[in-house]
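Hi everyone, thanks for making time.

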Amino acid sequence: MISQEKVIRAIDEANIELTWCFDALENFRSNRAEPSVLFEFQACLCKAFNRLDKTYRLIKGEEKTLILTKNKYSPAWFSRRMKKMDTYKKAILQALSIGRSIGDAFAWIFYSAEYALIEVHAKEQRQPLLPPKVGGIGERAFVEKMQGLGGAFIIYHGITSFLRLGDVSFFDFGTERIVGLGELKTRQVGQDSYSITLGLVGDSTTTDLSKYNGVNIKTNTGEGLAQELDKNIEAKLKSQLDSIEEALHQREKRRNDEKIKSKSVFNFDALDMSIRRCKCGILSYQMAGLGLLLVAWRPRKLPSLGKRLLRKTNGLREKFGSVASNTEDLLKTDLPDNCVFVSNIGYTENGNPIFKVGSTPLFWWPIDRKAIKDIIFENVLVLTLFNPAHLWSLLRSDGYEIIIDEHSKVVSARKRLEDKVFEIRNFHHFQDLVQFELMDERSVVEMINSIMEKAKHDSKGDDLRVNLRLNIRT
């Protein structure tokens, strides 16, 4: 039977590797780390994931057994036990999210210029756990034993939240770009022997890696002999490689996209200040721009990450329940569309790392390094209350017509320039810049105006549609 102590122990043991990885990245960021850290990092983070994955699957296994034998227990006991199982799962998933937040920061070293590829990755489904059993063994063994294949550095997607297409990426230090994506299939061929098949699509401009295009590389982690793939698995692999090939093709098409550069203001100082002022058990309030309120809370300090993630949140809900009385600066009586959207800094409500296409991982934000670590390891919780009415008001002052529906969602944002009407669709992407990236509302308006002027210049009297892809560098 899974106990609370076992869950805490698994998280605390994983935290040893998580902390090492965070500190190693911090040393790398500060140019204090040896290059070997890049090779050790992924193996260390995988150890943490492996501990947590095993515990999560044990919990799921007990849940399944409980459901199958439900009639043996009283309804009250069964209900309490299932709720406890759910609490354990959430704690494990949150620990995994801490790991993926650190993994995102690592992958960003190699992917920071690959916004087109990141957009394709984001279309794939997020995977909360690493592959179980043979699949996971093969992926970890490949990353550790095959580094340098084709002269490239191998990045393992499983330790991140945003790399989802394929299992591995290949980075070339010479060109400083991703030169290939690969899918791995593993089969056990002996007691301690596995056959790993790599399906690879490489960049045609990279001679060392492109020679492997369309070739299945088989390598054994033991003494067994490589075996051919099952026909169904081979067909699935081909389909996955077709998707990867299309992704690389789309990246090449995007290479010549026209760029509009805009220097923007971000309210990182407000986040830094809110955490600095945050004392144990006391809420800290800090305005970040016109319509964003940051509310930071530092729970009672617990050295154990496991105990911290399992801590009951009733007291926290009571604390945040008083927030409404401190929103005078957020809700202006002269604004016709006042509303408030609530979110978090660092993690979503479900506990996943917040990483939006075109943004920069939290680790690389230019704020105090201790504050970054506090957020990632949840020593501090930061709530955001966002009133977009301030942004809408600025745009209306600049001549935009903003139409809002009953759910406080922008239905239409348009502006007339001479004989043309320009309309912004999917306006929530601009609001996200304030709510999740801390961009100042005035900078968002300046960005929108720059886009409008560019569209006006390029339209030449004809209808024109502009697909905008944001690429933020902090």
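How much space lies in the second largest cavity? About 60 Å³. Before going on, the ground rules: this is a predicted model, where local features need pLDDT of at least 70, side-chain atom pairs count only at pLDDT 80 or more, and totals for chains, interfaces and linings use all residues. Residues are numbered from 1 along each chain as its sequence is written, and side-chain values use heavy atoms, with hydrogens and water left out.

A cavity here is a set of points on a 1 Å grid over the protein atoms alone where a 1.4 Å probe fits but cannot get out, and lining residues have an atom within 4 Å of a point. Points are joined across faces, edges and corners, and the volume is the space filled by probe spheres set on them.

The lining of that second largest cavity includes Ser101, Asp104, Pro353 and Phe355. By class it divides into 5 nonpolar, 2 polar and 1 charged, where Ala, Val, Leu, Ile, Met, Phe, Trp, Tyr, Cys and Pro count as nonpolar, Asp, Glu, Lys and Arg as charged, and the others, Gly among them, as polar. The largest cavity holds about 90 Å³, and among its lining residues are Asn344, Trp365, Phe436 and Glu437.

Now the core. A nonpolar core is a set of buried Ala, Val, Leu, Ile, Met, Phe, Trp, Tyr and Cys residues joined through side-chain atoms within 4.5 Å; buried means under 20% relative accessible area, exposed over 50%, partly exposed in between (1.4 Å probe, protein chains only). The largest one has 127 residues, and Ile102, Phe142 and Phe170 are among those touching the most other members. Helix α3 (residues 75-111) gives the largest share of this core, 16 residues; helices are DSSP runs of H or I, at least four residues, and strands are runs of E, at least two, numbered from the N terminus.

Last, the charges. The whole structure has 18 salt bridges, each a side-chain nitrogen of Lys or Arg within 4 Å of a carboxyl oxygen of Asp or Glu. One of them joins Lys356 and Asp432 at 3.7 Å, N to O. This pair links distant parts of the chain, 76 residues apart, with Asp432 in helix α13 (residues 428-435). Lys356 is partly exposed at 30%, whereas Asp432 is buried at 15%.

Notes:
On a 1 Å grid over the protein atoms alone, a cavity is a set of points where a 1.4 Å probe fits but cannot get out, and a pocket is an open set with protein on both sides within 12 Å along at least five of seven lines; lining residues have an atom within 4 Å of a point.
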